[in-house]
Amino acid sequence: MMDVRVIENSELLSVSDFNSELYQNSMPAIFRGAANSLGCYNEWTLDYLEGKLFSKEVEVNYCEVGNYDFTIEGRFQEKIMPFSQLANLIRFPHAEPGTYYLQAGNINKNFPELFDGLCNPRWLLSSDCVHDRKLWVGEAGCTTQLHYDTSPNFLLQLAGRKEGIIYSPLDSPYLYAKTEVKKNHVSQVDINNVDAEKFPLFPRATPIKFVLEQGDILFLPPGWWHQFTSITPCINVNFWWLRFDVVENVGIEYMDVEALVVQVKKHLDRGFDINHQVYEGDIILLKAIIKGFDNLTEALLKSGANANVESVHYRKGASALSLATERQSNNIVRLLLKYGATDKNGEAFALAEQSGYTDIAELLQQHQKCPMAAEIS
Ligand SMILES: O=C(O)CCC(=O)C(=O)O
């Protein structure tokens with residue numbers, strides 16, 4: 001059995017350490033008490049939610065036996081009821097044998113009453129794109145079936161205690177994802193009652209178990225399998241978010257420009273700005289240049305990235321053109337010129353001359369004399 005990383009003094013974890021130690025290494029972690037230190041969640045009890053949502057009709061799942069596996073027809077029933085009724089079902093023992101769960105309520109769409117009381121986990125930058133905020137309110141004993149998500153997730157434990165079991169994406173061959181479209185992120189295995197004949201490889205998977213306490217935040221990178229069970233009545237909010245980090249994709253150097261334009265467009269359609277800053281503070285175009293990805297640089301320029309952007313991180317004030325020159329990337333210099341880069345104060349030209357990069361110096365000089373030349377050549 002492995003343990004999840006627990007960060008006790010999460011206020012000491014900077015955004016860039018979060019990025020380099022956890023996000024980029026696909027490493028889950030619990031930030032103890034981090035939701036409490038945000039301040040906005042201290043009131044989030046059942047009474048607080050009832051005050052905000054009293055007579056609002058909400059969709060609640062009722063599950064008599066087993067876990068809430070949405071891929072199994074009839075596993076749970078959906079019931080519409082005022083929130084106050086759900087609150088009472090959670091507060092007081094009831095005659096029904098099963099459990100009630102307001103599961104993954106879409107806050108952005110259905111719960112504007114809660115907007116004022118929400119704030120982002122500290123490691124989300126404004127340039128990250130939160131595309132979903134979900135509300136989870138249920139009794140002890142509610143279990144969400146083992147599955148993974150494709151976006152990074154912050155799960156906030158706002159009331160109660162919840163047990164989590166997670167598995168690395170590397171365990172996927174042992175977790176038997178369903179094969180049907182739209183269900184293939186859900187495991188076929190009931191991990192509390194494993195059918196050993198049907199799932200012989202399951203014992204090779206390594207579970208990581210932990211308990212989320214009131215006030216904790218769990219960071220779950222994309223692709224990590226997870227199943228949660230409420231130990232007591234629980235209130236959770238989770239944030240699914242995205243970063244515009246096509247630059248980090250494995251194998252990107254082999255993709256063609258048009259395929260990358262499609263990827264970039266997907267991010268833009270989700271609300272990203274083409275001049276989105278990565279964690280280090282520079283925009284994505286500069287990162288592509290530094291990494292020497294000609295194809296991605298072209299895709300970003302084609303999609304409207306600013307060819308004259310200046311760095312704040314790699315070398316403060318350096319232009320995209322100077323950074324490409326420093327790296328002796330003739331192709332990228334040519335591309336930047338084609339998409340409107342200008343050599344402010346002749347900095348890139350001086351750099352090319354000093355470093356003996358005669359091809360680039362010539363390109364820059366030619367362009368200065370005749371801006372169309374770089375495009376023609
Ligand atoms: O808390 C739960 O029941 C499930 C939460 C979950 O699946 C998630 O945050 O992705």
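This is a predicted model: local features need pLDDT of at least 70, side-chain atom pairs count only at pLDDT 80 or more; totals for chains, interfaces and linings use all residues.

Reader: How many helices and strands are in the chain?

Author: Both are DSSP runs, numbered from the N terminus: helices are H or I with at least four residues, strands are E with at least two. The chain has 13 helices and 13 strands. Its C-alpha trace spans about 85 × 50 × 35 Å along the principal axes.

Reader: At what angle do the axes of H11 and H12 cross?

Author: Axes are lines fitted to C-alpha atoms, for helices over the stretch in contact, and angles run from 0 to 180 degrees between N-to-C directions. Helix H11 covers residues 347–355 and helix H12 residues 358–369. Their axes come within 8 Å and cross at roughly 150 degrees. Angles under 35 degrees count as roughly parallel, over 145 as roughly antiparallel, 65 to 115 as roughly perpendicular and the rest as oblique. H11 and H12 are therefore roughly antiparallel to each other.

Reader: Which residues of H11 and H12 meet?

Author: Two residues are in contact if their C-beta atoms, placed from the backbone, lie within 7 Å. From H11 come Ala-348, Phe-349, Ala-352 and Glu-353; from H12 come Ile-360, Ala-361, Leu-364 and Gln-365.

Reader: Which residues of H11 are buried?

Author: A residue is buried if 20 or more other C-beta atoms lie within 10 Å of its own, exposed if 12 or fewer, and partly exposed in between; these C-beta atoms are placed from the backbone. In H11 the buried ones are Ala-348, Phe-349, Leu-351 and Ala-352. Seen down the axis of H11, they fall within an arc of 160 degrees, so they line one face of the helix. That arc is of the directions from the helix axis to the C-beta atoms. Helix H9 (320–326) and H12 are included in what covers them.

Reader: Is Phe-31 buried or exposed?

Author: Phe-31 is buried, with 27 other C-beta atoms within 10 Å. Phe-31 sits in strand S2, residues 29–31. Leaving out residues up to four places away in sequence, Phe-31 touches Ile-7, Ser-10, Asp-216, Ile-217 and Phe-219.

Reader: How much of the chain counts as buried?

Author: Of its 377 residues, 37% do.

How values were computed:
Residues are numbered from 1 along each chain as its sequence is written.
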